[in-house]
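Let's take a walk through this model, going from the overall layout down to single residue pairs. Keep the viewer open and follow along.

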Amino acid sequence: MAGLTLRDVVKSYGATQVMHGVDLDIEDGEFVVFVGPSGCGKSTLLRMIAGLEEISGGSVKIGAEEVNDVPASKRGVAMVFQTYALYPHMTVYKNMAFGLKQAKTDPAEIDKRVRAAAEILQITDYLDRAPRNLSGGQRQRVAIGRAIVRDPEVFLFDEPLSNLDAALRVQTRLEIKRLHERLETTMIYVTHDQVEAMTLADKIVVLRDGRVEQVGSPIELYERPANAFVAQFIGSPKMNFFNDADLSSGASGILGRTLTADEQVGLRPEHLVPCAAADAVVEGKLELVENLGEYALVHLVTAQGSEFIAKTEKPPAGEKGSMIGFTIKPELAHYFDKNTGLSK
Ligand code: ADP
């Protein structure tokens, strides 16, 4: 097991710089998730740690050792990809054993490790099958098994659940979490899905355009986002933003402060509570309701034209086009500088 230290890590493809100096400390045994929109540099960062991409500048350390010039196979990392990349002509057993056999590991040791990994992943019954005779979820377990048998210092996962259907994604996510609790090995996991990030991570790293926007525990990011980008990325549906003109006349009394011209307030959909117009922080014209049974997503627009969503226990009583007021506990309101996007 090992922690990692990244210092001023830069990546350029030709003249185009895509990573702009990433500093990151990952503790030994931590589950770290890199999250951000497509193209933000998550995979590139992971592949630079794996040694599959060279770094253009800076330093990557695994444990105490700088690995900038260490080949991928010597870094003590094992990677699980979105596409399982199993050998189609080999059985599950042989797929899992392959890397160890290449490394000339003792056959008895290989057998021990493959069977132990298969046991953990509950694929012992499939060891003699060909990958084509497995479901997508089972194939991904084999791919994870192939990583486990190598007994790596660090596991690297690159969007491992993307090819699975929704139900299997939730189940496999849970299995990966259990696997981490059992192995206690450092894991770095890339996803664009903030729910995966929130449920799996000890520590989330939010990336945008090749830069780290914020590092923190899931709950820190949810409760204290450093800026408007993180505030909107973490949480679903995303945080609503309002200017002073969007707010009801009594809003400053309820919130306990007034918004200046260069400030916005951020109110999460799940924190908005329907109320009488006189008590409202914000009012909106009802546009659309998505009733999911356990809750409703109410889509509204303020008189100023700002769209927002409230997540309520029940669908609202009002007709489409009617005005609905919402209040919020003042301590749940977030304030941002409109120009810099930074939290205040
Ligand atoms: P993510 O995994 O967050 O979707 P990537 O790490 O794949 O993002 O990509 C980060 C940026 O680097 C993107 O702008 C992408 O276009 C660029 N990029 C990735 N690989 C290459 C490459 N081989 N050549 C040029 N640009 C690349």
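Where the two domains touch, domain 1 puts in 8 residues and domain 2 puts in 6 residues. Bear in mind as you go that this is a predicted model.

Now for the sheets. Strands of a sheet pair through backbone hydrogen bonds, and they can do so in a parallel or an antiparallel way. Let's begin with the open sheet of 4 strands, which you can trace in the order β2-β1-β4-β5, with antiparallel pairing. At its edges are β2 (16-26) and β5 (65-66), each of which pairs on one side only.

Zoom in on β1, residues 4-13. On one side, 8 bridges tie β1 to β2, and the two run antiparallel. If you want landmarks along that pairing, Val10 is opposite His20 in β2, and Ser12 is opposite Gln17, also in β2. The hairpin made by β1 and β2 has 2 residues between the strands, and in it Gly14 adopts a positive phi near 60°. β1 also pairs with β4, again in the antiparallel sense, this time over 5 bridges.

Helix α1, residues 42-50, lies across β1, β2 and β4 (57-62), and its direction is at about 115° to β1.

Next up is another open sheet, built from 6 strands in the order β6-β7-β8-β3-β9-β10, and here the pairing is mixed. The edge strands are β6 (77-80) and β10 (211-216), each pairing on one side only. Going from one strand to the next, the twist averages 20°.

Look at the β10 end of this sheet. Strand β9, residues 203-208, is joined to β10 by 5 bridges, and the pair runs antiparallel. To find your place, pick Arg208: its bridge partner in β10 is Arg211.

α4 lies across β6 and β7 (154-158), and runs at about 175° to β6. Helix α5, residues 166-183, packs on the sheet too, touching β3 (31-35), β7 and β8 (186-191). The direction of α5 makes about 160° with that of β8.

Finally, how do helices pack on each other here? A packed pair is described by the angle between the helix axes and the distance between those axes. Take helix α2 (residues 92-102) and helix α4 (residues 136-148): their axes come within 8 Å and cross at roughly 30°. Angles under 35 degrees count as roughly parallel, so α2 is roughly parallel to α4. The crossing of α2 past α4 is right-handed.

Which residues do the touching? From α2 you have Val92, Asn95 and Met96, and they meet Val142, Gly145 and Arg146 in α4. Sorted by class, the contact of α2 with α4 comes to 3 nonpolar, 2 polar and 1 charged residues.

Definitions and conventions:
Residues are numbered from 1 along each chain as its sequence is written. This is a predicted model: local features need pLDDT of at least 70, side-chain atom pairs count only at pLDDT 80 or more; totals for chains, interfaces and linings use all residues. Side-chain values use heavy atoms; hydrogens and water are left out. Axes are lines fitted to C-alpha atoms, for helices over the stretch in contact, and angles run from 0 to 180 degrees between N-to-C directions. Angles under 35 degrees count as roughly parallel, over 145 as roughly antiparallel, 65 to 115 as roughly perpendicular and the rest as oblique. A crossing is left-handed if the near helix is turned anticlockwise from the far one by less than a right angle, and right-handed if clockwise. Contact means heavy atoms within 4.5 Å. Ala, Val, Leu, Ile, Met, Phe, Trp, Tyr, Cys and Pro count as nonpolar, Asp, Glu, Lys and Arg as charged, and the others, Gly among them, as polar. Two strands pair if DSSP finds at least two bridges between them.
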